[in-house]
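Look at the fold first, then read on.

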Amino acid sequence: MRIYEELFIIKPDVLDEEVDVFVEQIRTQMVTLGATVDKVDKWGKRRLAYRVDKYREGTYVLFQYSAEPQHVHEFERRLRVADQVLKFITVRIDENLKRLDKRKKERDKRTAKRAASAPASPAPGPAPSLAQQMTEAPVALPGMPKES
């Protein structure tokens, strides 16, 4: 199974109760198809970047689920024929998760190798006391007048 994110925009004139019913209906359909819905986020009404079918805003809903590719096609088909949905996009995210996991393992391996090969750092010596710092000759800075 692969992991997908589906973001779809519902028309703004649809009531919140109807949005909840639609989201729950889509969720149950996905589960009956054999997919596992990991997360459902309702982002609420937001302004669109450009006008879509005379609408300037829409209700955003994000689904994250694990499914086979044929289930994704069926999910997209159902969104395409739904009158409430303005737009949708499907993104496969398991490849990104695999790539990030691989980078993390490589990074951990490098840090473990550096820690094993690095010599023990020398113990820091005692810091000079304030009295020692005040008795030492001041350091001449460039551009400063010399004291006589």
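## Threonine 59

In which strand is the place of threonine 59? Threonine 59 sits in strand β3. Helices and strands here are DSSP runs, numbered from the N terminus (helices: H or I, at least four residues; strands: E, at least two).

Threonine 59 counts as buried because its relative accessibility is 5%. Buried means under 20% relative accessible area, exposed over 50%, and partly exposed in between (1.4 Å probe, protein chains only). Beyond its neighbours within four places in sequence, threonine 59 contacts Phe8, Ile9, Ile10, Lys11, Val19, Gly44 and Lys45. Contact means heavy atoms within 4.5 Å.

## Basis of the model

The model is predicted: local features need pLDDT of at least 70, side-chain atom pairs count only at pLDDT 80 or more, and totals for chains, interfaces and linings use all residues. Residues are numbered from 1 along each chain as its sequence is written, and side-chain values use heavy atoms, with hydrogens and water left out.

## Helix α1

Helix α1 covers residues 16-33, 18 residues in total. From first C-alpha to last it reaches 26 Å, close to the 26 Å expected at 1.5 Å a residue. That expected span is 1.5 Å times one less than the number of residues. Glycine 34 follows α1, with a positive phi near 115°.

The buried residues of α1 are Val19, Phe22, Val23, Ile26, Gln29 and Met30. They lie on the same side of α1 because they cover an arc of only 125° around the axis. The arc is taken over the directions from the helix axis to the C-beta atoms. The cover over these buried residues includes β1 (2-10), β2 (36-52), β3 (55-67), α2 (69-81) and β4 (85-92). On the face turned away from the buried side are the exposed residues Glu17, Val21 and Thr32.

## Nonpolar cores

A nonpolar core is a set of buried Ala, Val, Leu, Ile, Met, Phe, Trp, Tyr and Cys residues joined through side-chain atoms within 4.5 Å. The largest has 20 residues; Phe8, Phe22, Phe63 and Tyr65 have the most contacts inside it. β1, α1, β3 and α2 each give two or more residues to this core. Its largest share, five residues, comes from α1. A second, separate core of six residues includes Ile9, Leu48, Val52 and Tyr60.

Not counting residues up to four places away in sequence, phenylalanine 63 touches several residues, among them Tyr4, Phe8, Val23, Ile26, Val40 and Phe75.

## Glutamate 95

Glutamate 95 lies in helix α3 (residues 94-117). It counts as partly exposed because its relative accessibility is 43%. Glutamate 95 and tyrosine 4 are 91 residues apart in sequence, but 9.9 Å apart in space, C-alpha to C-alpha.
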